[in-house]
Structures are given as C-alpha cells and as structure tokens.
Amino acid sequence: MGLEDLGDLALHLIISKLDAKDTAILSCVSKRFRVSASDERLWFKFCSDDLELSAPEDPYGNPLPSFKATYQIWREVFIMYPWLLVRRVKRCWNTLKSWMAANFPEAGATLRKGATEAEIKEMEDTLGVKLPLPTKVLYRFCDGQEITSVFSSGSEHGSSLGLVGGYSFYEHIVNVYLLPLSQVIAETKEFVRHLGFSNRSKYIVVAASSTYREKLFFLNCSNAQLYVGTKKLSIDGEMIPCVPSTLINPVHNLHGSHQQDAMLLWLEEHGRRLHSGIIGLREEGGVRSINLFPEIPPLCSTSVTNGVQTRASSVLVPELSDLQQESERYWFSYSIRMRLLPEGCIINGASFGSCQLYWRHWIIRSNDTVMSDVNGEAVIGKYPLLYPDGREFVYESCTPLTSSSGSVEGAFTFVPGRSIRFP
C-alpha cells in the first residue's frame with residue numbers, strides 16, 4: 001500500500017509529523033498531497049513553533065491571508081540567513097517585546113521597524129565593516145530605538161526609556177539604549193575621529209547612554225565580541241569584553257549551524273533577566289526606567305531581622321573603572337533597600353509600628369583585602385524612618401576595588417519607634 005492509497009485521516013496524521021520543508025516537498029508530488037499539505041492547521045503549527053506567531057502577518061506586521069502564505073513570505077524575506085538563526089533572533093525579540101508590552105509599553109514604543117538589507121549594506125559600506133550574521137538579523141527585526149539623547153533634548157537626565165537600562169548613584173545617572181543604524185554610523189565616525197585609531201576600524205558603536213554620563217558599547221565586527229568602554233576610553237580606547245569569548249561561534253559562515261555573536265547573547269541574557277524578575281522597573285519622581293541592580297537571589301542578598309528587611313546588590317560601573325590603575329581598577333555601585341515588614345518591628349515580643357536607622361557598620365573587601373571599613377551614624381547623611389507600608393528606603397553608592405570580585409558585609413542598627421535625636 002502506498003501513500004496514495006491511504007485514507008484522509010491516516011494521510012493527515014503522517015503529514016502532521018513532518019516539518020515545514022518536508023510538507024512543502026510532499027505538496028509537489030500530487031494534487032491530493034498538495035491539498036492535504038495546504039491545511040491551515042499545519043501551517044499555523046509551523047508559524048507558531050518556528051516564529052511564535054499567533055496571527056498571519058509578514059515580518060513588518062502587515063496582515064496576510066493565510067498561515068501558509070505567512071510561512072512562505074518569512075522564508076523568502078530571510079532566505080539569505082540560516083533559518084535556525086532567524087528563529088532564534090525572533091524569539092529573542094519576542095522575549096524583549098512581550099516584557100515591554102506588559103511592563104514598560106512607553107519603552108516598547110521607541111523600538112523602530114526592522115532595517116532593510118539595503119540600509120544594512122549602506123552602513124557596512126560607509127564604515128568599512130561586515131556585520132556578524134546574528135547582529136545583521138537582529139537589525140533586520142528591529143533597527144534600534146528612537147531615543148532623544150540629553151545633548152539633543154535639553155533634558156537634564158536624557159531619556160529613561162533605554163531598553164538596556166542603567167543605574168544611578170549621587171549625580172551619576174546612566175540609561176543605555178540601542179542605537180539605530182543611522183546613529184551607529186554617526187557615533188562610530190565620531191569615535192574614530194576623536195581617537196584616531198586605525199586599529200579600531202572594525203569597531204562600531206551599538207549602544208550608548210542617553211545621559212551626560214558617557215557609556216558606550218562597541219561591537220567588534222571581526223571577532224563578534226561586544227565591549228564596553230572604561231574611564232580611559234577617550235584617552236587610549238580601553239574597553240572591557242561583555243561576553244566570554246568561548247561562547248562566541250563562527251558568525252560569518254552562512255552555512256554554519258550554531259552562529260552566535262556577543263550582541264545576540266547579550267540581548268538574550270537581558271531578556272532572560274527581565275522575564276525572570278532578576279532586574280525590573282524602578283520609579284523615581286514619576287519617571288520609570290529599567291534598573292540593573294538585581295532584585296532576587298542569588299545576585300541580590302536579603303536578610304530579615306526583627307521585622308526589618310534589608311536587600312543589597314551591586315553592578316559593575318565600567319565607565320569609572322581604570323584597568324591600569326591598581327587602586328581603582330574596577331568600580332562597583334551598590335544598592336541598599338530597607339523596609340519594615342507588615343508585622344512591624346519586633347523587639348522581645350513587642351511590636352512597634354516604626355523604626356529608625358541610627359548606626360551602620362560595614363566592611364568592603366576586594367578578595368581578602370579590606371578596601372573600606374565604615375562605622376558611624378546614618379547613611380549618606382540620612383536617618384530613614386521606616387513604616388510597615390511596603391515602601392522601601394533606597395540608597396546607592398559606589399566603591400573602587402582592585403579586582404573584579406569583592407564583598408560587603410556589616411550591619412545596620414535601628415531604634416524601635418522613632419528616635420528623638422534625629423529628624
């Protein structure tokens with residue numbers, strides 16, 4: 001018995017086990033197979049599995065008449081790229097866009113439509129580079145963000161809508177966004193002009209802070225590594241790699257099976273952290289932004305004592321770090337969050353409706369070397385008064401370390417109720 005002799009149900013079951021490519025091949029065998037292989041349920045499954053699409057639309061969001069036409073057009077638009085890579089990049093952007101749609105729609109509105117092949121080629125020709133395949137596909141799906149920087153907006157702090165986000169401590173405010181290709185060209189030319197580095201000809205600027213604080217990310221189009229500039233960037237081009245080089249696979253081979261560059265890995269990890277709640281939104285003065293201080297263990301340390309919860313986490317501040325300066329090689333910013341839990345402050349079985357910080361003592365180490373030993377009243381000149389209303393007192397500061405690893409340990413002393421000594 002051949003396939004032609006099978007009943008419709010048996011034939012449908014067999015076709016449902018095929019992938020999209022084999023289904024398309026089978027449709028060329030006979031008229032009956034072509035009819036069976038055109039079943040919309042099959043192509044809905046292919047569009048859902050491969051592209052996470054729930055409605056028939058082209059790569060630019062335009063509606064299409066069927067899922068079969070949708071799958072065909074997507075394959076035609078990205079025919080020059082490995083399909084597995086296209087699917088992976090689509091998932092990456094879906095992860096980021098779905099999080100923004102649910103949590104930060106004002107930032108999602110800044111995402112630009114995907115760049116065309118002609119626009120990518122113009123950028124490559126202008127700067128004399130060849131983008132790694134994963135980064136090319138990333139830009140085909142989304143041409144960065146439409147963000148106004150502090151220099152063109154006149155705003156004191158620039159935009160808070162950067163997809164990458166940032167941090168702040170004292171007057172140091174950072175918020176990073178993805179550059180569209182037009183700004184990639186302009187920023188890269190400016191970088192090369194100021195530094196005059198002929199050996200940096202394969203570097204392009206792909207992300208930057210919209211604030212007055214300069215923080216720039218560079219993609220090396222030759223080795224596909226992503227770098228972030230340090231304090232010495234404007235002096236000698238010093239940078240720090242963002243992704244372990246061992247994770248980067250060949251990125252210029254169209255026939256490779258597992259291309260991944262640092263740009264794709266970086267955005268995938270960022271999306272994972274957003275969706276898992278490791279990082280999230282913070283609102284200050286009515287302004288919302290993605291905050292890079294981790295919020296949950298193991299990257300955030302949490303302790304509860306007598307009803308007072310304290311959380312602490314840190315981030316590297318590369319734009320202040322100086323790899324050539326032993327005492328200030330790596331700068332870190334740390335965030336301390338304190339709140340009084342709903343049960344109040346419990347002391348010897350008695351519950352108090354408030355408590356006030358009086359003293360702090362902590363020790364900052366770089367490996368085993370003590371960098372700072374702080375023992376005194378208040379934090380940044382404040383004596384926060386906590387109530388069981390869920391609100392946190394947040395303060396952020398920074399410290400230099402001689403190595404990339406370190407620790408902070410110590411304690412806060414609170415007075416039950418409210419101290420009459422302090423405001």
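Strands here are DSSP runs of E, at least two residues, and helices are runs of H or I, at least four, both numbered from the N terminus.

A word on what you're looking at: this is a predicted model, where local features need pLDDT of at least 70 and side-chain atom pairs count only at pLDDT 80 or more, while totals for chains, interfaces and linings use all residues. Residues are numbered from 1 along each chain as its sequence is written, and side-chain values use heavy atoms, leaving out hydrogens and water.

Find Gly165 and you'll see Val176 of strand 2 opposite. Two residues sit between the strands of this hairpin, and Tyr170 takes a positive phi near 55°.

Of its 88 residues, select Trp93, Leu178, Ile204 and Trp266, which touch the most other members. Helix 6 supplies the largest share of this core, nine residues. For a separate, second core, of 18 residues, pick out Met338, Cys355, Leu357 and Tyr395, which are among its members.

Back to Trp266: leaving out residues up to four places away in sequence, it touches Val164, Leu178, Ala207, Phe217 and Leu226 (contact is heavy atoms within 4.5 Å).

Then select helix 6, residues 83-103: its 21 residues reach 30 Å from first C-alpha to last, close to the 30 Å expected at 1.5 Å a residue (that is, 1.5 Å times one less than the number of residues). Its buried residues include Trp83, Val86, Lys90, Trp93 and Trp99.

Jump to strand 17, residues 393-401, to find Thr399. Thr399 is buried, at 8% relative accessible area. Beyond its neighbours within four places in sequence, Thr399 contacts Tyr330, Trp331, Phe332, Tyr334 and Ile364.

Last, pick Arg34 in helix 3, residues 31-37. At 43% relative accessibility, Arg34 is partly exposed. Draw a C-alpha to C-alpha distance to Leu111: Arg34 and Leu111 are 40 Å apart in space and 77 residues apart in sequence.

How values were computed:
Buried means under 20% relative accessible area, exposed over 50%, partly exposed in between (1.4 Å probe, protein chains only). A nonpolar core is a set of buried Ala, Val, Leu, Ile, Met, Phe, Trp, Tyr and Cys residues joined through side-chain atoms within 4.5 Å. Two strands pair if DSSP finds at least two bridges between them.
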